[in-house]
Amino acid sequence: MARNFRILVNGRRHTISAEPDAPLLYVLTNDLALKGPRFGCGLAQCGSCSVLVDGVERRSCVTPVETVEEREITTLEGLPAWFAARRGLTDAPALHPVQQAMLDEQALQCGYCYNGMIVKAAELLEQNASPSDAEIRSAMNGHLCRCGTYPRIVSAIRRAARALEETGE
Ligand code: FES
Ligand code: FES
């Protein structure tokens, strides 16, 4: 039976009505009209629906909304502000450094995997500021790109790590 849930998404609180086992992805896209997380496989296999929950990547297609009540949910739309908050920056950048690096490397083609790739890479760089190529590949392993742009995605993550090192962020 549907009930009200209080969820915190990109720093804003929302009260939504949903079945307890409703996938978080449906709440984000249908109730909050967010365009970042995308439905791909619906089976936790592709990563296109990824979000951060308390800073950890989660597949929102298989995350029941009842498990994330009062947790900090960050979607692609909230990544720049999340990044700024973690570093104590006064202003959030227009784009998260990984987003900027993906553009600079022209790493994406159709862009369907964009959401998950960026969310996962942002999580990785919080945990490991200077990952090796092997560490990047390992971290990104569960994210599928139908266009096969994996080498450029790895280059973009390397570029983002370098940019963060250069700016001291
Ligand atoms: S749609 Fe969630 S992992 Fe594929
Ligand atoms: S760029 Fe098309 S799925 Fe990755």
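Visitor: What covers the buried residues of α3?

Guide: The cover of the buried residues of α3 includes α2, α4 and α6, where cover rests on contact, meaning heavy atoms within 4.5 Å, and where helices are DSSP runs (H or I, at least four residues; strands are E, at least two) numbered from the N terminus. The residues of α3 that count as buried are Pro97, Val98, Gln99, Ala101 and Met102, buried being under 20% relative accessible area, exposed over 50% and partly exposed in between, with a 1.4 Å probe and protein chains only. This is a predicted model, in which local features need pLDDT of at least 70 and side-chain atom pairs count only at pLDDT 80 or more, while totals for chains, interfaces and linings use all residues. Residues are numbered from 1 along each chain as its sequence is written, chains are lettered from A and ligands numbered from 1 in the order in which they are written, and side-chain values use heavy atoms, with hydrogens and water left out.

Visitor: Which residues does valine 98 touch?

Guide: Not counting residues up to four places away in sequence, valine 98 touches Ile118, Ala121, Ala122, Leu125 and Ala160. Val98 is also among the residues with the most contacts inside the largest nonpolar core, which has 28 residues; such a core is a set of buried Ala, Val, Leu, Ile, Met, Phe, Trp, Tyr and Cys residues joined through side-chain atoms within 4.5 Å. Two or more residues of this core come from each of α2 (79–87), α3, α4 and α6.

Visitor: Why are α4 and α6 called oblique to each other?

Guide: Their axes, lines fitted to C-alpha atoms over the stretch in contact, with angles from 0 to 180 degrees between N-to-C directions, come within 11 Å and cross at roughly 40 degrees. Angles under 35 degrees count as roughly parallel, over 145 as roughly antiparallel, 65 to 115 as roughly perpendicular and the rest as oblique, and α4 and α6 are therefore oblique.

Visitor: What makes glutamine 106 exposed rather than buried?

Guide: Glutamine 106, in the loop between α3 (97–104) and α4, has a relative accessible area of 58% and is therefore exposed. Its phi is positive, about 45 degrees, although it is not a glycine.

Visitor: How do you know that glutamate 70 is partly exposed?

Guide: Glutamate 70 has a relative accessible area of 44% and is therefore partly exposed. This residue is found in the loop between β4 (56–59) and β5 (72–74).
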